[in-house]
Amino acid sequence: LAKQVASFVHNYYLINCKWQRPRAVARQCAAILEGRHKPIFYPTQNCGDSAIVINCAEIAMSAHEWEFERFVDNETTGRKRDIKVTFAWEFLRDRPEEIIRRYTKLYLMPYNDKRVPMRRLHCFKDENVPDELLSKISFALPQFEVPPRAIEEYSQEEIDNFPTVWEHQ
């Protein structure tokens, strides 16, 4: 009975984007928002959960992706010539959470109304999350990739035991 109840409950998942690839995070967010991780999932059914994504300003992309990854919008007039192109580095500068939103919308299933699951996606550029959302968090998902450590984070023992290729004189 507990498993049945758990599959119908609306959960909130916390996802940390720090040093993570935005496409991998967005793929995971889309699965959560649509409910693909639940045993009761059906494509046209609204059984998804909410995702709270933090540290969107610290995502990891290669230099090539920052320079050439672009997002295309039709302006409000709707004419074909009124197209606005925004690069990823511009979103990072102005609205970093928009990168995760755009990629997540890309990975949502095409035959559903994307506005409904996108309302359940909460993106924040840092770790400052409102208390009303923090109190609802059910699960914190692990990061895909281990973030690199700074040299100050290594202990002296780890530095001494690290293999040396050549001795500097």
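Analyst: Let's start with a term: residues are in contact when they have heavy atoms within 4.5 Å. Helices (H or I, at least four residues) and strands (E, at least two) are DSSP runs, numbered from the N terminus. What you see is a predicted model, in which local features need pLDDT of at least 70 and side-chain atom pairs count only at pLDDT 80 or more, while totals for chains, interfaces and linings use all residues. Residues are numbered from 1 along each chain as its sequence is written, and side-chain values use heavy atoms, with hydrogens and water left out.

User: How do you know that the span of helix H2 agrees with its number of residues?

Analyst: The expected span is 1.5 Å times one less than the number of residues. For the 13 residues of H2, residues 22–34, that gives 18 Å, and the end C-alpha atoms are 18 Å apart, so the two agree.

User: What makes H2 "mostly covered"?

Analyst: Here the cut-offs are relative accessible area under 20% for buried, over 50% for exposed, and partly exposed in between, with a 1.4 Å probe and protein chains only. In H2, 10 of the 13 residues are buried, among them Pro22, Val25, Cys29 and Leu33. Their cover includes strand E1 (12–16), strand E2 (50–54), helix H5 (97–107), helix H6 (115–118) and strand E5 (121–123).

User: Why is Ala31 called partly exposed?

Analyst: Ala31 belongs to H2, and its relative accessibility is 21%, so it falls in the partly exposed class. Beyond four places in sequence, Ala31 is in contact with Arg36 and His37.

User: Is Glu34 buried or exposed?

Analyst: Its relative accessible area is 7%, so Glu34 is buried. This residue, also in H2, touches Phe41, Cys47, Gly48, Leu108, Met109 and Asn112, leaving out residues up to four places away.

User: What makes the link between Glu34 and Arg36 a polar contact?

Analyst: A polar contact needs a pair of N or O atoms within 3.5 Å; within protein, one must be able to donate a hydrogen and the other to accept it, and residues adjacent in sequence count only if both atoms are side-chain atoms. The side chains of Glu34 and Arg36 are joined at 2.8 Å. The Glu34 side chain also reaches the backbone nitrogen of Met109, at 2.6 Å. Elsewhere, Glu69 sits in the loop between helix H3 (63–68) and strand E3 (70–74), and its side chain makes a 3.0 Å polar contact with that of Arg23.

User: Which residues touch the most other members of the largest nonpolar core?

Analyst: A nonpolar core is a set of buried Ala, Val, Leu, Ile, Met, Phe, Trp, Tyr and Cys residues joined through side-chain atoms within 4.5 Å. Among the 25 residues of the largest one, Val53, Ile100 and Leu121 touch the most other members. Two or more residues come from each of E1, H2, E2, helix H4 (88–94), H5 and E5, and H2 gives the largest share, 6 residues. Apart from this core lies another of 7 residues, including Leu14, Ile52, Phe124 and Val129.

User: Why are Tyr13 and Phe139 called stacked?

Analyst: Rings of Phe, Tyr and Trp (its six-membered ring) pair if their centres lie within 6.5 Å; planes under 30 degrees apart are stacked, over 60 edge-to-face, and the rest tilted. The whole structure has 3 aromatic pairs. The ring centres of Tyr13 and Phe139 are 5.2 Å apart with planes at 25°, so this pair is stacked. Tyr13 is in E1 and Phe139 in strand E6 (residues 139–140), so the pair ties together parts 126 residues apart in sequence. At 10% relative accessibility Tyr13 is buried, while Phe139, at 42%, is partly exposed. Ring pairs also link Phe71, Phe91 and Tyr103 into a cluster.

User: How do you know that the charged end of Arg149 sits over the ring of Tyr154?

Analyst: The test asks for NZ of Lys or CZ of Arg within 6 Å of the ring centre and within 35 degrees of the ring normal. The charged end of Arg149 sits over the Tyr154 ring, 4.1 Å from its centre.

User: Finally, why does Pro117 count as buried?

Analyst: Pro117, in H6, has 7% relative accessibility, so it counts as buried. Leaving aside neighbours within four places in sequence, Pro117 is in contact with Leu33 and Leu108.
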